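Subject: Structure for you to look at

Hello,

Here is the structure I said I would pass on. My notes on what was found in it come after.

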Amino acid sequence: MNRFQNHSDKHPVFRRLLFPLCIFLLLLLFFFYGLNSISSQSEKEQQKALETSIRNSAVHCYAAEGKYPESLSYLEEHYGITYDHKKYVIDYEILGSNLMPQITVIPLNGKEEMP
């Protein structure tokens, strides 16, 4: 019989691993939060780049042909605009042949960025 042995600590390994495990889980949580934030920011930038590309192509068309394109499909055929039709819906409203069309890029996942 050992008088100096503590019998109340039945799970010493668990208690030693509890703090590092909590730290690891906390770091893992921060990692996934940061990854999600980066992914969300990347989607916003893609949407903005697509809208800018369509707008620039419409201006290029106006400079080359003297009128804005009648439709988005015209830009796709003649000016090389490509995008993922499953990811975005593009609202291309013609206001007149000499007025800049209203271009709105709407993501299909439900998050629309307001200008």
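A search of the whole structure finds 3 aromatic pairs; here rings of Phe, Tyr and Trp (its six-membered ring) pair if their centres lie within 6.5 Å, and planes under 30 degrees apart count as stacked, over 60 as edge-to-face and the rest as tilted. Among them is the edge-to-face pair of F31 and F32, at 5.5 Å centre to centre with 65° between the planes. F31 is exposed at 51% relative accessibility, while F32 is partly exposed at 48%. Buried means under 20% relative accessible area, exposed over 50%, and partly exposed in between (1.4 Å probe, protein chains only).

Another of the pairs joins Y62 and Y68: the ring centres are 4.4 Å apart and the planes are at 15°, so this pair is stacked. Y62 is partly exposed at 32% relative accessibility, whereas Y68 is buried at 13%.

This is a predicted model, in which local features need pLDDT of at least 70 and side-chain atom pairs count only at pLDDT 80 or more, while totals for chains, interfaces and linings use all residues. Residues are numbered from 1 along each chain as its sequence is written, and side-chain values use heavy atoms, with hydrogens and water left out.

As for the whole protein, the elements run α-α-β-β from the N terminus on, counting helices (H or I, at least four residues) and strands (E, at least two) as DSSP runs. Of its 115 residues, 17% count as buried. Among contacts (heavy atoms within 4.5 Å) with a separation of 6 or more, 39% are between residues 24 or more positions apart.

Regards
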